[in-house]
Amino acid sequence: MKVILPPPRFFIAASIEKDFWAHQTLRLRHFFRSFPSGEAPEAYYRYLDEAIDATELFAAYPDASRHAEQSAFHITLCPENHEQVRRIIAARLASAPYWVLVGGPPCQAYSLAGRSRMKAMPGFEGDERHFLYKEYLRIIVDHRPPIFVMENVKGLLSAKFKGRSMIGMILADLERPSCALGISDQGDCEYQLYALSHSNGLFGPATPKAFLVRAELHGVPQARHRIFIVGVRSDLDIKPSQLPTESPPSVRQVIEGFPKIRSGITGGSDTTAAWTQAIVSLEGVDFHGHPHAKAICSQVAALFTSVPSSLARKSTSYTLRPAGPNGAIAFMHDPRLHTLAEHEARAHMASDLRRYAFAIAFAHVTGKSPRLRDFPPDLLPHHRDVGKEFPGKRFEDRFKVQLPDRVASTVTAHLAKDGNYYIHYDLAQCRSLTVREAARLQTFPDNYKFEGPRTEQYRQIGNAVPPYLARQIGDVVADALDTAREGL
């Protein structure tokens with residue numbers, strides 16, 4: 001069975017991004033999207049091949065380049081830039097009656113990890129980052145979109161400000177954004193809020209938890225749970241439908257076809273022989289009577305009796321093909337692509353390679369990723385909150401194997417720091433996920449190029465909404481706007 005994906009239903013009028021490298025990536029994608037679906041020029045693929053640079057690509061297609069420059073803006077949303085942003089959006093909309101505002105205010109103050117770091121900081125309770133969403137309210141009030149979609153992290157459900165629920169305050173402000181900003185002459189700018197997921201089983205008014213969308217229930221190969229709030233302007237008699245459910249592909253189905261590569265080694269000789277020796281040295285670890293010691297060592301010994309000397313750290317061979325009628329995989333595949341970009345393994349310390357080898361073998365033997373308490377004492381990291389006899393409770397899953405026959409755990413921007421939470425399940429490769437593998441688990445199309453150094457590429461991927469989920473949300477919103485047009 002062949003999956004035929006319909007063409008996109010939206011034209012992107014403007015995107016606003018404050019991060020430099022994320023903006024560069026958006027600018028390139030706006031260039032790509034300026035061409036009809038499937039008709040991007042061969043020069044774009046030559047750019048992915050690194051046969052030409054960005055300057056040559058943009059110079060060859062001045063109209064597409066101009067579109068990218070006039071629709072992807074490198075701007076920080078803040079009071080000082082209100083007027084500039086207002087003028088840009090007004091000009092780009094050109095009084096279009098049917099459009100949607102999509103955005104996700106910064107989430108450092110709402111995420112569980114962010115709150116854990118920030119609570120010890122002086123003035124956390126009054127930190128302005130709790131209220132960055134008001135910049136989003138300002139755009140709503142300025143332009144009164146027929147529909148808006150606001151995205152944020154799951155931690156928003158439990159975040160509090162001086163004892164008050166942040167999600168409660170945000171929902172109330174989104175219903176009456178002009179009142180929230182103290183603008184009395186636009187008090188008619190009101191919205192009805194809707195949730196998107198079937199899993200919520202909504203009957204009557206939505207509760208805060210109802211706005212949680214579980215991406216894996218909608219075909220995304222990742223357990224990513226995020227808040228999505230859809231607002232419909234009160235003068236429009238429309239109600240968005242909910243997202244269709246869809247079984248997700250597994251990690252194996254998504255990345256199994258990638259060329260096999262090995263990780264590098266930091267602080268020593270970076271050769272296949274040295275890399276192999278670092279992993280085989282796991283056999284010399286004192287397992288202290290570990291219940292799976294024999295099976296784990298047996299796997300390592302059997303696998304590395306003969307390691308291919310040609311195993312490289314990078315591959316650009318694009319041999320992937322859609323397997324079966326899976327929507328997400330078909331969505332990502334591009335038959336015109338002949339170079340696999342950003343599939344290069346990062347380097348790891350030899351000590352971490354041994355931990356990775358243990359974790360992968362443990363996962364193969366037990367069917368689950370190990371917690372710190374499952375590691376032999378000799379393999380525990382020398383961190384302050386980890387004792388050799390009594391592992392700490394914080395981040396007990398800090399070495400996490402992405403199990404092949406399940407969906408991945410949430411891909412986050414932490415990938416920019418290290419790959420310990422994202423270990424490949426294949427012991428023969430003994431490494432963390434590459435940029436391209438992480439992008440696939442986020443459902444970015446294979447022809448999507450991330451600009452900037454590798455750490456910035458990981459950060460862009462981890463901060464994104466999965467494109468396959470975004471497309472489905474776009475279809476729900478497009479159907480609602482079509483209904484509004486038909487009612488006039």
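Predicted model: local features only at pLDDT ≥ 70, side-chain atom pairs only at ≥ 80, totals over all residues.
Biologist: Happy with that! How many residues of strand 9 are buried?

Modeller: Strands are DSSP runs (E, at least two residues) and helices are too (H or I, at least four), both numbered from the N terminus. Buried means under 20% relative accessible area, exposed over 50% and partly exposed in between, with a 1.4 Å probe and protein chains only. Strand 9 covers residues 225-233 and is largely enclosed by the rest of the structure, because the buried count is nine of the nine.

Biologist: Which residues lie on the two sides of strand 9?

Modeller: In a regular strand the side chains alternate between the two faces of the sheet. Both faces of strand 9 are covered. One side has H225, I227, I229, G231 and R233, and the other has R226, F228, V230 and V232.

Biologist: Which residue of strand 9 stands opposite V153?

Modeller: Two strands pair if DSSP finds at least two bridges between them. Strand 4 (residues 147-153) runs antiparallel to strand 9, with seven bridges joining them. Opposite V153 stands R226.

Biologist: And which residue of strand 9 does L193 stand opposite?

Modeller: Strand 7 (residues 191-194) is also an antiparallel partner of strand 9, over four bridges. Strand 8 (residues 212-214) is joined to strand 9 by three bridges, again antiparallel, and there L212 stands opposite I227. For L193, the residue opposite is G231.

Biologist: Which residues have the most contacts inside the largest nonpolar core?

Modeller: A nonpolar core is a set of buried Ala, Val, Leu, Ile, Met, Phe, Trp, Tyr and Cys residues joined through side-chain atoms within 4.5 Å. The largest has 78 residues, and helix 14 gives the most to this core, with nine residues. The residues with the most contacts inside the core are I147 and L282.

Biologist: How far apart are the ring centres of F331 and Y468?

Modeller: Rings of Phe, Tyr and Trp (its six-membered ring) pair if their centres lie within 6.5 Å; planes under 30 degrees apart count as stacked, over 60 as edge-to-face and the rest as tilted. The structure holds 19 aromatic pairs. F331 and Y468 are both buried, and their planes are at 55°, so the pair is tilted, with a centre distance of 5.4 Å.

Biologist: How many residues apart in sequence are the parts that this pair ties together?

Modeller: F331 lies in helix 13 (residues 327-332), while Y468 lies in helix 17 (residues 467-486). The pair therefore ties together parts whose separation in sequence is 137 residues.

Biologist: Last one: which ring does the charged end of R27 sit over?

Modeller: A charge sits over a ring if NZ of Lys or CZ of Arg is within 6 Å of the ring centre and within 35 degrees of the ring normal. The charged end of R27 is 4.4 Å from the ring centre, and the ring belongs to F58.

Technical notes
Residues numbered from 1 in each chain as written. Heavy atoms only, no water.
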